[in-house]
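I opened this model to look up its confidence, its secondary structure, its overall dimensions and its surface. My entries follow in that order.

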Amino acid sequence: MLRLVGGPLVFASATATISGLVEQVSTLGAVVAIPVFGWELSLAGWLIIKGFRTL
C-alpha cells in the first residue's frame with residue numbers, strides 16, 4: 001500500500017520540480033518521499049528476515 005501511495009506522490013513532486021513550482025531540495029519533496037522510504041525499508045527487512053525464495 002505504501003508503494004501505491006508513495007509512487008504517484010513522488011511523481012507529482014518531481015513534475016512540480018520540473019515545472020518550477022517547488023525547489024529541487026524542498027520540505028515537500030522530503031515529505032512525499034516518506035511512504036516510498038517506508039516501502040523500501042519494509043522490503044529490505046522482509047528480504048533479510050525471510051530471504052529470497054528460490055524456485
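The notes below begin with the ground rules and then turn to the chain.

Conventions. I worked from a predicted model, in which local features need pLDDT of at least 70, side-chain atom pairs count only at pLDDT 80 or more, and totals for chains, interfaces and linings use all residues. Residues are numbered from 1 along each chain as its sequence is written, and side-chain values use heavy atoms, with hydrogens and water left out.

Confidence. I looked up pLDDT (the predictor's confidence in each residue, from 0 to 100) and found a chain mean of 85, with 96% of the residues at 70 or more. Confidence is lowest in helix α2 (residues 27-32), at a mean of 85, and highest in helix α3 (residues 34-50), at 88.

Secondary structure. Taking helices (H or I, at least four residues) and strands (E, at least two) as DSSP runs numbered from the N terminus, I found three helices and zero strands, in the order α-α-α along the sequence.

Dimensions. The radius of gyration (over C-alpha atoms; globule rule 2.2 Å times the number of residues to the power 0.38) is 15 Å, whereas a compact globule of 55 residues would have one near 10 Å. The C-alpha trace spans about 45 × 20 × 15 Å along its principal axes.

Surface. Buried residues (under 20% relative accessible area, 1.4 Å probe, protein chains only) make up 11% of the 55 residues.

Notes:
Buried < 20%, exposed > 50% of the residue type's maximum accessible area, 1.4 Å probe, protein only.
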